[in-house]
Amino acid sequence: MIERNTVKTLVEEWLEGNDYFLVDVMMSPDGRIVVEIDHADGVWIEDCAELSRFLQERLGEELDEYELEVGSAGLGQPFKVPQQYQNHVGKEVEVLKADGKKVKGILKDVDTEAGTFVVTVEEKQKQEGKKRPVIVSIDHTFSMQEVKSTKYLLAFK
């Protein structure tokens, strides 16, 4: 039986010297192993195939009882690791807060050590002396652990 940590260790071995990073290793009860990797400039199919061959060579016959899938983390999927936040600085994201409210804005900054990130949101605010609310940019700081999810918003323009 193949353990999740064994697969994770092998993937991390392959990742050494690459600009890729591990997002997740999932193992389902029906014998499916899914490895998700990511890269600042996107994931190439050739690299997924190379990692798949690497795992097949290292795991050998043990892998025969499993279905192996190696791919990218997927656009529009919630971030799972801090590096994904780093890769999307300057881009529009959607944060699902713990209370269920959604916040959309530009990912401004990430502090991976503190586990926090800042999103700049355009909000209407009533200002003294003005008849109508004015749109202002406000920075909101979130903890990666306290939000339900954060994901990149695809823009089709």
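1. Lys91 and Tyr152: the charged end of Lys91 sits over the Tyr152 ring, 5.9 Å from its centre. The cut-off for this is NZ of Lys or CZ of Arg within 6 Å of the ring centre and within 35 degrees of the ring normal. Bear in mind that this is a predicted model, where local features need pLDDT of at least 70, side-chain atom pairs count only at pLDDT 80 or more, and totals for chains, interfaces and linings use all residues. Residues are numbered from 1 along each chain as its sequence is written, and side-chain values use heavy atoms, with hydrogens and water left out.

2. Asp38 is buried (under 20% relative accessible area; exposed is over 50%, partly exposed in between; 1.4 Å probe, protein chains only).

3. On to the salt bridges, of which the structure holds eight. Arg32 pairs with Glu67, with the closest N and O atoms 4.0 Å apart. Arg32 is in strand E2 and Glu67 in strand E3 (residues 67-72), so this pair ties together parts 35 residues apart in sequence. Arg32 also bridges to Glu69, at 2.4 Å between the closest N and O atoms. Arg32 is partly exposed at 32% relative accessible area, and Glu69 is partly exposed at 34%.

4. Lys104 and Glu94 form another salt bridge, the closest N and O atoms being 4.0 Å apart. Lys104 is partly exposed at 46%, whereas Glu94 is buried at 10%. Separately, Arg4, Asp24, Glu36 and Lys80 are linked in a salt-bridge network.

5. Which residues form one aromatic cluster? Phe79, Tyr85, Phe117 and Phe142 do. Rings of Phe, Tyr and Trp (its six-membered ring) pair if their centres lie within 6.5 Å; planes under 30 degrees apart count as stacked, over 60 as edge-to-face and the rest as tilted. There are four aromatic pairs by that rule. Trp14 and Tyr20 have ring centres 6.1 Å apart and planes at 40°, so they are tilted; both residues are buried.

6. Last, His140 in strand E7 (residues 134-143). The His140 side chain makes a 2.8 Å polar contact with that of Glu123. Such a contact is a pair of N or O atoms within 3.5 Å; within protein, one must be able to donate a hydrogen and the other to accept it, and residues adjacent in sequence count only if both atoms are side-chain atoms.

Technical notes. Lys, Arg positive; Asp, Glu negative; His and termini not counted. Salt bridge = Lys/Arg side-chain N within 4 Å of Asp/Glu carboxyl O. Helix = DSSP H or I, 4+ residues; strand = E, 2+ residues; numbered from the N terminus.
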